[in-house]
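Have a look at the sequence and the model first, then go through the points below.

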Amino acid sequence: GVSSCPTPFFMISLRHAISCLLLAAATPASARYRVRLRTPLGIAFEEVEPGKACGVVVADLVDGGNAEHDGRIWVGDRLLSTSAVVLGGDSALLTVGGGRQFTNWKRELIPATAMGFEEIMAAIGSNSGRFGYVDCLLELARTDSSVPRPAQSGAARAARGESGVDWDGGRGTRVGGVSTPIRPVPDEFDFD
């Protein structure tokens with residue numbers, strides 16, 4: 001007889017990861033675009049495949065939110081990558097409760113097409129004022145399910161004051177007159 005040997009879990013995971021990456025690689029470069037948005041983003045995401053680590057798509061835009069005002073993001077667009085704060089620089093000088101303490105951090109652009117929903121939300125959420133960041137960088141792609149909407153020009157976005165983060169050496173990062181205590185570490189990747 002024929003032996004029915006179950007497929008090992010790591011092979012299923014590997015096949016799943018490869019199919020997610022192939023799906024992302026099949027997106028034409030012309031359908032990809034990058035957006036820098038202030039937080040909160042005003043985007044509701046949902047899983048591409050519920051329960052699987054295969055990335056997220058834009059499910060909705062919050063009325064009056066930063067993504068809606070920006071005008072470039074459409075419902076149905078797929079998130080390809082996002083900026084995320086990565087902690088590093090273990091310090092032997094301070095130990096609290098036996099936990100590791102980090103003395104530095106940087107922001108990286110990480111691929112999101114083979115990540116689970118919770119991981120992606122944590123990555124997006126790490127772009128926070130506690131690290132000096134008040135924006136999030138997203139690379140998205142149009143899909144067959146993307147719903148077109150009127151685009152706003154760069155001049156319209158600039159008129160709303162979305163030109164960047166203000167830095168005051170004495171007070172830290174300032175956004176809309178509100179100060180954060182930390183100066184953000186410059187990004188090591190080219191985004192704009």
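A residue is called buried under 20% relative accessible area, exposed over 50%, and partly exposed in between, using a 1.4 Å probe and protein chains only. At 41% relative accessibility, K52 therefore counts as partly exposed. Bear in mind that this is a predicted model: local features need pLDDT of at least 70, side-chain atom pairs count only at pLDDT 80 or more, and totals for chains, interfaces and linings use all residues. Residues are numbered from 1 along each chain as its sequence is written, and side-chain values use heavy atoms, with hydrogens and water left out.

**The core**

- The largest nonpolar core has 22 residues. Such a core is a set of buried Ala, Val, Leu, Ile, Met, Phe, Trp, Tyr and Cys residues joined through side-chain atoms within 4.5 Å.
- Those with the most contacts inside this core are L37, I43, I73, L79, L138 and L140.
- At least two core residues come from each of β1 (32–38), β2 (43–47), β3 (56–61), β4, α3 (117–125) and β6. Helices (H or I, at least four residues) and strands (E, at least two) are DSSP runs, numbered from the N terminus.
- Contact means heavy atoms within 4.5 Å. Leaving aside neighbours within four places in sequence, L79 touches F45, V56, A112, T113, I120, I124, L138, E139 and L140.
- In α3, the buried residues are I120, A123 and I124. Seen down the axis of α3, they fall within an arc of 95 degrees, so they line one face of the helix; the arc is that of the directions from the helix axis to the C-beta atoms.

**C136 in β6**

- C136 lies in strand β6 (residues 135–141) and is buried, with a relative accessible area of 0%.
- C136 and P40 are 96 residues apart in sequence, but their C-alpha atoms are 8.8 Å apart in space.

**Salt bridges**

- How many salt bridges does a search of the whole structure find? It finds seven, a salt bridge being a side-chain nitrogen of Lys or Arg within 4 Å of a carboxyl oxygen of Asp or Glu.
- E139 and R34 meet in one of them (4.0 Å, N to O). E139 lies in strand β6 and R34 in strand β1, so the pair ties together parts that are 105 residues apart in sequence.
- E139 is buried at 14% relative accessible area, whereas R34 is partly exposed at 32%.
- K52 pairs with E49, with the closest N and O atoms 3.4 Å apart; E49 counts as partly exposed at 30% relative accessibility.
- R72 pairs with D70, with the closest N and O atoms 2.7 Å apart. R72 is partly exposed at 23%, while D70 is buried at 0%.
- R36, R107 and D135 are linked in a network of salt bridges.

**A buried arginine without a partner**

- R78 is found in strand β4 (residues 78–90).- R78 is buried yet has no salt bridge; E49, the nearest side chain of opposite charge, is 7.1 Å away. For charge, Lys and Arg count as positive and Asp and Glu as negative, while His and the chain ends are not counted.
- The R78 side chain reaches the backbone oxygen of T113 at 3.2 Å.

Notes. Polar contact = N/O pair within 3.5 Å; in protein donor to acceptor, adjacent residues only side chain to side chain.
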